[in-house]
Amino acid sequence: MSTTTRDEAMVEEAAFPQPDPNEAGRPFWQALRDGALTFQRCGACGKGWLPARSHCPGCLCPDWTREQASGRARLVSWVVYRMAYHPAFASRLPYTVAVVELEEGPRMISNIVRADPQTLCIDQPLSLVIEDESGTAVPRFVPATGQGA
Ligand SMILES: [Zn+2]
């Protein structure tokens, strides 16, 4: 009979989950490695979007351009995780998963870091930070400083 608990086994296996991008997503992850958050904008209707995909989610047009985000964003919604649903996150509890709207329009799921979750508020100005996770550049956000909401 094993004396290893389920939690101990999870910790031993803990490795940050890595993205497995499709063809449309590879330039997004490469740009992050180069220090830029990018998104796609439709050539027909002007909609900007994330995550990467081959056609506009608004009008299905296949003609789009890739743009670099300013890094300015606002907090739309968030939840504070107090339980790890993947072992790689067990040591990070509690952590914040948020819906963030870029100044340019696209929304994305990200983390709010370097902030007390108790201090977050709707529409709070945020700034992009790109953090390394086991060799993968990951876009996250911190509360913006020096400007009012
Ligand atoms: Zn479109």
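**View 1. Strands β1 and β2 run antiparallel and are joined by two bridges.** What you see here is a predicted model, in which local features need pLDDT of at least 70, side-chain atom pairs count only at pLDDT 80 or more, and totals for chains, interfaces and linings use all residues. Residues are numbered from 1 along each chain as its sequence is written. Strands here are DSSP runs (E, at least two residues), numbered from the N terminus, and two of them pair if DSSP finds at least two bridges between them. Look for Gln40, whose bridge partner in β2 is Trp49. Five residues lie between β1 and β2 in this hairpin, and Gly46 in the turn has a positive phi of about 85 degrees.

**View 2. Strand β1 (residues 38–42) is joined to β3 by five bridges.** This pair also runs antiparallel. Thr38 stands opposite Gln68 in β3, while Arg41 has Thr65 as its bridge partner.

**View 3. The three strands make an open sheet, ordered β2-β1-β3, with antiparallel pairing.** β2 (48–49) and β3 (64–68) each have a single partner strand, so one side of each is left without a neighbour in the sheet.

**View 4. Tyr95 sits in strand β5 (residues 95–102).** Tyr95 has 16 C-beta neighbours inside 10 Å and therefore counts as partly exposed (buried means 20 or more other C-beta atoms within 10 Å, exposed means 12 or fewer, and partly exposed is in between, with C-beta atoms placed from the backbone). Setting aside neighbours within four places in sequence, Tyr95 is in contact with Tyr81, Phe89 and Asn111 (contact means C-beta atoms, placed from the backbone, within 7 Å). The C-alpha atoms of Tyr95 and Ala84, 11 residues apart along the chain, are 9.3 Å apart.

Technical notes: Helices (H or I, at least four residues) and strands (E, at least two) are DSSP runs, numbered from the N terminus. Two residues are in contact if their C-beta atoms, placed from the backbone, lie within 7 Å.
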